[in-house]
Amino acid sequence: MTALSTPAIDILRGYAAVAEKAGRLQPEQLALIYEQGWFRMMVPRRYGGLALPLPEVVRLEEAISRADGSAGWTVTLCSGAGWFSGFFPPSALAGLFSDARLCIAGSGTPSGRAQLIPGGYRVSGKWSYASGAHHATAFTANCTVWSDDIQVMTDAGNPVVQPFLFLREEVRIVEDWKAMGMVATGSHGFEVHGLELPAERGFIIDASAAADDDPLYRYPFLPLAEATLAVNSCGMMLHFLDCCTSVFGERIGRRQIPVRMSAEMMNALDSAREEIALRRDEFYSALDESWATMQPGSYHRVSRTSHALALAVRQWSDRLFPYAGLGAARVDSEINRVWRDLHTAGQHPLLVFDSR
């Protein structure tokens, strides 16, 4: 496991409750993220990014999420959007991608409409769940493509979906993030109306379209996305297990419950640790193999183990939570915040529906 320094953990976790109340990451947390270059961990080196190998990226994201779920999720989603910079020509938007405070938020839902016009597109739409919207310097969004009033279709008969990049000043943020958990991600919506864009603001997410030779940009998008989201849930779960260890120990130490019940609690906690460790090992084995071989079969294993890990997290967090007692129902308790973060992250469709 990639380890964060104690001061880094103290900053991320120490401001977590304040960040939740504010509905956004705090300046101290953001200063650490900028200093470490975490939003730019998947940006090409030609822009000053870190372009870390995927196994290193994923382990780092897990460690950040273990420190604080909202921070980990925001770093993961925004650095993941930063990965798209590897699919733009080197001459395009170099100033944006070289910004030390680059943070790209966005949405994968094709809820926008891009009308073909000479030299580019006229785009309108509204998108939801752009984590990090408050401090984003750019946004990405998917649109269906139209020529006059006719929808453009692929040869297979499916709607053409085109991703675009918008500058911050081109969008209006819609503050509609009202979730029970991961409150500090500030995953608000955004919208544009009649925005005219040159053709180069559109991009293609495919290894064949990569504008950088680093293997990071040859890795397929879907298993990359599934892996990065799964480790966020895993990191939060490791934090949750730490909280359970503390809370269960306090309950047993105060002799609030009989010995038989104490044994049941601790046996369940031990079983949870064992299964999460097993699913986590399977996942990392699959991820490391896929990075080493870059073979289609290995990507399927990443997808399968990502889903198995996320499922184990959901099941065991629900099984353990009641053992924490009524104190865990307090929304201002650490264990409650982590549990809520876990279950909000677990709603992401890539972690729920089978992608095979």
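Predicted model: local features only at pLDDT ≥ 70, side-chain atom pairs only at ≥ 80, totals over all residues.
Residues are numbered from 1 along each chain as its sequence is written, and side-chain values use heavy atoms, with hydrogens and water left out.

Let me start with the pockets. By pocket I mean, on a 1 Å grid over the protein atoms alone, an open set of points where a 1.4 Å probe fits, with protein on both sides within 12 Å along at least five of seven lines, and lining residues are those with an atom within 4 Å of a point. The largest pocket holds about 1000 Å³ of space, where a volume is the space filled by probe spheres set on the points, which are joined across faces, edges and corners. Its lining is made of 39 residues, and those nearest the centre are L77, G106, S107, G108 and H348. Among the elements that each supply at least two residues of this lining are helix 5 (69-82), strand 1 (104-117) and helix 7 (221-253); helices here are DSSP runs of H or I with at least four residues, strands are runs of E with at least two, and both are numbered from the N terminus.

What is the make-up of that lining by class? It has 24 nonpolar, 15 polar and no charged residues, with Ala, Val, Leu, Ile, Met, Phe, Trp, Tyr, Cys and Pro counted as nonpolar, Asp, Glu, Lys and Arg as charged, and the others, Gly among them, as polar.

The second largest pocket holds about 180 Å³, and among its 15 lining residues V247, E250, A324, G327 and A328 lie nearest the centre. Helix 7 gives the largest share of that lining, 5 residues, and by class the lining divides into 6 nonpolar, 5 polar and 4 charged.

Turning to the cysteines, the structure holds 0 disulfides, a disulfide being a pair of cysteine sulfur atoms within 2.5 Å.

R66 is partly exposed at 24%, as is D242 at 30%. In helix 8 (residues 259-293), E275 and R279 are separated by about one helical turn because they are 4 residues apart, and salt bridges that share partners join E275, R279 and E282 into one network.

Finally, E62 sits in helix 4 (residues 54-67) and is buried at 1% relative accessibility. Its side chain makes a polar contact with that of Y284 at 3.4 Å, a polar contact being a pair of N or O atoms within 3.5 Å, where within protein one must be able to donate a hydrogen and the other to accept it, and residues adjacent in sequence count only if both atoms are side-chain atoms.

Notes:
Buried < 20%, exposed > 50% of the residue type's maximum accessible area, 1.4 Å probe, protein only. Salt bridge = Lys/Arg side-chain N within 4 Å of Asp/Glu carboxyl O.
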